[in-house]
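Subject: Structure for you to look through

Hello,

Please find the structure we talked about below. Have it open while you read the notes that follow it.

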Amino acid sequence: MRKNSPLSRSSLPGLTVAAIILIVGLLLAFTVGRYPISLTDLMQVLLAKLTGHQPHVPQAVESVIWQVRGPRVLAAVMVGAALAVAGTAFQGLFRNPLVSPDILGASSGAALGAVIGIFFSFGIFAIQGLAFIGGLIAVAAVYMIGSMVRSRDPILVLVLTGVVVGALLGAGVGLVKYLADPYNQLPAMTFWLLGSLSAASTADLLPLFGPVALGTAILIALRWRMNVMSLPEEEARALGVATGPLRIIIVAAATLVTSASVATAGIIGWVGLVVPHLARALVGPDFARLVPTAAILGGGYLLLIDTLARTVAQVEIPLGILTAVIGTPFFIWLLTGVQRNWS
Amino acid sequence: MRLEGQSLTIGYPAHVVGHGIDVAFETGEVLALLGPNGGGKTTLLKTLLGLIDAKAGTVRIDGKPLGDYSIQERARIVAYVPQVHVGTFAFTVETVVLMGRTAHGNMLSRPSDHDREVTARALARFGIAHLSQRPYTQISGGERQLVLLARALAQEPQFIVLDEPTASLDFGNQGKVMAEIRALAVSGLGVLFTTHDPNHALRAADRAFLLRDGTRIAEGPVGQVLNKAQLETLYRAPVDTVIDAAGNVAFLPGQAVIPAG
């Protein structure tokens with residue numbers, strides 16, 4: 001049978017698979033852990049919340065669901081969705097299925113901002129703000145340097161500039177870590193840089209949701225133009241798309257969602273690379289279906305990984321380590337199969 | 001309508017490819033652009049499309065400078081068929097052709113039912129309606145060329161500019177694409193294409209424009225411009241002419257290496 005038959009191109013089965021993964025992720029995340037909760041108790045608590053009754057479960061169960069796991073679960077879903085959506089946008093924009101949100105220095109800029117915040121013992125909001133500003137400044141710098149270099153391949157210049165600026169920012173992060181108090185600050189920085197949702201609280205949710213929702217909404221609104229933007233530059237322009245301004249809008253939206261997720265959860269690599277591929281395999285490359293599918297799938301994916309991170313060992317495993325363990329072989333598999341279609 | 005370049009200096013920021021070029025073509029006619037590699041064919045093509053700026057001189061559509069049209073207005077008048085490429089993502093053939101409708105929508109719009117009708121007609125016209133749900137990455141080179149032609153037609157332009165439309169095609173598909181180019185002009189479009197084969201110009205074009213080292217060597221009706229002497233000047237290489245009993249002319253590159261008979 002031929003691969004990619006018209007049937008598998010329909011979006012409904014793919015979306016269903018993504019939704020099932022998210023639902024399984026949600027159920028596991030709420031029930032599994034140091035304090036196991038039965039599915040029946042979970043349903044009772046949820047139903048009681050909806051109907052406004054008092055559930056017949058121990059107080060501890062309720063507080064684990066609403067205070068402990070609830071914020072963390074929501075944060076995981078949003079961070080995963082954000083990274084996946086940003087990765088989808090960057091891969092389309094750079095016509096390269098091997099790029100990810102780290103490519104324009106967004107992640108490393110946000111990381112530098114955050115470690116500076118930790119170094120000066122700022123509060124959580126200031127740290128988040130600095131991470132966000134760092135990400136935007138890094139992308140603006142990459143973009144300006146990239147457009148100063150006159151080249152017939154502006155995309156390649158932009159990617160290379162991103163790598164170079166990212167390396168410089170990485171050195172900055174190294175310097176701050178070197179100067180940091182090795183007993184208090186350094187462990188906090190290291191843990192945060194490796195990616196973690198263990199500190200996610202209700203207060204983190206709104207500053208995360210706002211930028212992620214805004215950036216994703218912009219990208220979904222531009223879905224058809226993003227299809228055209230994945231063609232070679234000259235072709236897109238000949239089809240009537242003003243590629244310059246549109247690229248700035250897409251990059252800004254993708255950076256916004258990346259920075260917000262880095263500010264909340266630190267550096268979680270590979271999600272933005274792996275999930276867009278899985279989503280493309282489910283619904284095909286049309287951004288109208290791809291962006292929502294990637295968002296749902298990314299949420300479920302990171303939720304499953306976060307559940308793994310807090311249950312698989314006595315101590316929590318940093319998320320960035322788990323995503324790298326899955327992402328690196330995936331990347332190598334993609335590289336070795338370059339001849340196959342990016343479908 | 002008339003698309004013309006007046007005393008154009010063409011090239012890239014670092015170097016000039018050609019200068020003093022006057023070229024024009026009108027709706028309803030086919031102009032073939034011939035010349036050796038590196039002679040400036042593609043640069044001239046992209047300058048006329050507004051994809052690279054002329055270093056001097058002006059490109060005009062109906063007397064109005066190209067710069068006065070927005071990028072979207074331009075795309076509704078002139079369509080571009082690039083050399084066949086594979087593409088990065090496995091869009092369906094229908095989606096690729098629908099992209100030709102982009103200039104008829106706004107920033108946020110999705111293709112409408114009308115856009116889908118235009119797309120279906122374009123696919124049917126080139127006999128590739130049955131491919132509409134196939135991934136563009138999995139069809140043959142000849143089919144891809146027809147898909148890109150259908151996309152240009154879906155743009156509903158006045159002019160179509162093609163960069164070596166026969167370069168990667170087998171013999172049969174070359175003939176098919178030539179016939180389609182002819183048919184586009186008959187239906188009222190102005191067509192400009194580059195080619196390495198003077199016979200393709202004879203088959204499909206009304207006029208030929210001979211470009212060498214960024215300068216025009218000759219221009220005029222194919223029957224007058226395309227002859228042994230001109231082609232040998234153009235390519236600095238020997239050319240043989242073949243004429244059959246019916247008077248059909250064809251050119252062979254190089255000299256006979258196998259004795260006739």
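In chain B, 4 strands make up an open sheet, in the order β2-β1-β4-β5, with antiparallel pairing. Two strands pair if DSSP finds at least two bridges between them. The edges of the sheet are β2 (16-26) and β5 (64-65) of chain B, each of which pairs on one side only.

This is a predicted model, in which local features need pLDDT of at least 70 and side-chain atom pairs count only at pLDDT 80 or more, while totals for chains, interfaces and linings use all residues. Residues are numbered from 1 along each chain as its sequence is written, and chains are lettered from A and ligands numbered from 1 in the order in which they are written.

Back to the sheet. Strand β1 (residues 2-11) of chain B runs antiparallel to β2(B) and is joined to it by 7 bridges. One of the residues to look at is Gly11(B), whose bridge partner in β2(B) is Val16(B). Helix α1 (residues 41-49) of chain B lies across β1, β2 and β4 (56-61) of chain B, at about 125 degrees to β1(B). Axes are lines fitted to C-alpha atoms, for helices over the stretch in contact, and angles run from 0 to 180 degrees between N-to-C directions.

Further along chain B there is a hairpin. Strands β9 (residues 207-212) and β10 (residues 215-221) of chain B pair in the antiparallel sense over 6 bridges. Arg212(B) has Thr215(B) as its bridge partner in β10(B). The hairpin has 2 residues between the strands, and Asp213(B) takes a positive phi near 50 degrees.

Next, two helices of chain B. The axes of α4 (residues 113-125) and α5 (residues 141-154) of chain B come within 9 Å and cross at roughly 140 degrees. α4(B) and α5(B) are therefore oblique to each other; angles under 35 degrees count as roughly parallel, over 145 as roughly antiparallel, 65 to 115 as roughly perpendicular and the rest as oblique. From α4(B), Val118(B), Thr119(B), Ala122(B), Leu123(B) and Arg125(B) meet Ala150(B), Leu153(B) and Ala154(B) of α5(B). Residues are in contact if their C-beta atoms, placed from the backbone, lie within 7 Å.

What does chain A contain? It has 15 helices and 0 strands. Its radius of gyration is 21 Å, close to the 20 Å that the globule rule gives for 343 residues, so chain A is as compact as a globular protein of that length. The radius is taken over C-alpha atoms, and the rule is 2.2 Å times the number of residues to the power 0.38. The C-alpha trace of chain A spans about 65 × 60 × 35 Å along its principal axes.

Within chain A, the axes of helix α3 (residues 39-51) and helix α4 (residues 59-93) come within 11 Å and cross at roughly 75 degrees. That makes α3(A) roughly perpendicular to α4(A). Asp41(A), Leu42(A) and Val45(A) of α3(A) make the contact with Val61(A), Glu62(A) and Ile65(A) of α4(A).

Finally, the two chains touch: the contact takes 29 residues from chain B and 27 residues from chain A. On the side of chain B, α1 and α2 (71-77) are the elements that give two or more residues, and α2(B) gives the most, with 4 residues.

Regards
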